[in-house]
Amino acid sequence: MKTITLDIAGALGNVISEADVNALRGEADAALDKLNNGTGAGNDFLGWVNLPSTMGINLIKDIEDTAEQLRKDCEVVVAIGIGGSYLGAKAVIEALSNSFDKNQKVIFAGQNIGEDYLHELQAYLADKKFGIIVISKSGTTTEPAIAFRLLKEQLEKQLGKAEASKRIVAITDAKKGALRQLATEEGYKTFVIDDNVGGRFSVLTPVGLLPIAVAGFDIKALVEGAKNMEEFTRNAGEYNTAELYAMTRNALYRAGKKIEILVNYNPKLHYLAEWWKQLYGESEGKDGKGIFPAAVDNSTDLHSMGQWIQEGERTIFETVISVEAPNNTVVIPTDEANLDGLNYIAGKRVDEVNKMAELGTRIAHIDGNVPNLRITIPALTEGYLGEILYFFEKACGISGYMLDVNPFNQPGVEAYKRNMFALLAKPGYEEATAAIQARLK
Ligand code: PA5
């Protein structure tokens, strides 16, 4: 059976040896044990660990039915959410969609507070039959709340309150938060985000699954792929690739490689990297520690960031995600005049050239002292995407415990919110408002 694989050979050499990686085996096993047995910090947020294997068939069916109804009723559905309530669905939908499809079924809002973005969105929806999936675990996040208030008003003006409420689905906490209260009062269809699943680990809950299903993709296959990876990474040992990834990146970090660049050679993976950045950034960046997660899209970024990566400060390593087989075939044609000099690759598939760009870069970067890890996905399908999502989640939990942080909280995210609320004079922030205004005088 094909599965995603991890190759760390390109990371071994000048900076770390195989022995350095293997020396972390005990730490990785202990970290995995904490995840499996719920004995580590943040253990009230481990609901994601067994999520794929315990997901009820009724829940999947409810999500599929709700998605089907939204697809029938709406030309377009706006998924409103930010951070973990946005990036997982966006990553999967981007990876599986046609890059040039102008009639996307799912579009996103609430992930920024750009006035022009929201204005353009309202204009785009003005003559369309649309629906809304509003997603917020806390139910109190400002960015999605603003987008929802605007679009709810627009939908109610278009359809009237009663009809509009049939096209709105809320995904939030079972009891707490303003969104739960609003959904109850307005009679929206709702899905629950369980207390024990944090935002950035929620892609395999209705948070990710409903928008993905509305976009027309097979969520059963996605969960099945994740379930396979749950199985592969359950037990400690040399075949556990999540442990190996966590061990290798921690060995590199301890050897001075403070930045990890996630590299793809397929533009459809741009948002997978954005999801990964949140997962690792919020999970590990605390207590003055943590690898800085960065990302590039190659070969595009070889023409912008390539110089830095090849010859800049040697504090980086890279993890390449390589898609083994594209879903389509494009062959480079022969041209009799050959004025562009490309006949030497005529007859080759575009992917063959892409793979040579990848291999050439890998060799150059290893020569340039950039350790290289390589994850291969057999193809961009729901199943393999489910595998890689779960793989990164599991490795993140292991890696965070190896770093000796609580991988499941995000206290730092609150700092900007406190200041923003104080600056906007939110009720309850009177003292903070006075203090921040005094600082700005
Ligand atoms: O990982 C997290 O918990 C956060 O990044 C959240 O996903 C993000 O802040 C959105 O929160 P909420 O779903 O409560 O609106």
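Select E94 to begin: at 29% relative accessibility it counts as partly exposed, a class lying between buried (under 20% relative accessible area) and exposed (over 50%), with a 1.4 Å probe and protein chains only. This is a predicted model, in which local features need pLDDT of at least 70 and side-chain atom pairs count only at pLDDT 80 or more, while totals for chains, interfaces and linings use all residues. Residues are numbered from 1 along each chain as its sequence is written, and side-chain values use heavy atoms, leaving out hydrogens and water.

**Stop 1: helix α5**

The term needs a side-chain nitrogen of Lys or Arg within 4 Å of a carboxyl oxygen of Asp or Glu. Both residues sit in helix α5 (residues 87-96), 4 residues apart, about one turn of the helix. Helices (H or I, at least four residues) and strands (E, at least two) are DSSP runs, numbered from the N terminus. K90 counts as buried, at 14% relative accessibility.

**Stop 2: the sheet**

Now show the strands. An open sheet of 5 strands runs in the order β3-β2-β4-β5-β6, with parallel pairing. Pairing takes at least two DSSP bridges between two strands. From one strand to the next, the twist averages 20 degrees. Angles run from 0 to 180 degrees between N-to-C directions, and axes are lines fitted to C-alpha atoms, for helices over the stretch in contact.

Zoom in on β5 (residues 168-172). β5 and β6 pair in the parallel sense over 4 bridges. Pick V169: opposite stands K189 in β6.

**Stop 3: helices on the sheet**

Select α6 (residues 115-125). This helix lies across β2 (76-80), β3 and β4 (130-136), at about 150 degrees to β3. Contact means heavy atoms within 4.5 Å. Next, α10 (residues 206-214) packs on the sheet and touches β2, β3, β4, β5 and β6. Its direction makes about 160 degrees with that of β4.

**Stop 4**

Select K152 and E186. Their side chains meet in a salt bridge at 3.3 Å, N to O. K152 is in helix α7 (residues 142-159) and E186 in helix α9 (residues 178-186), 34 residues apart. K152 is buried at 13% relative accessibility, whereas E186 is partly exposed at 23%.
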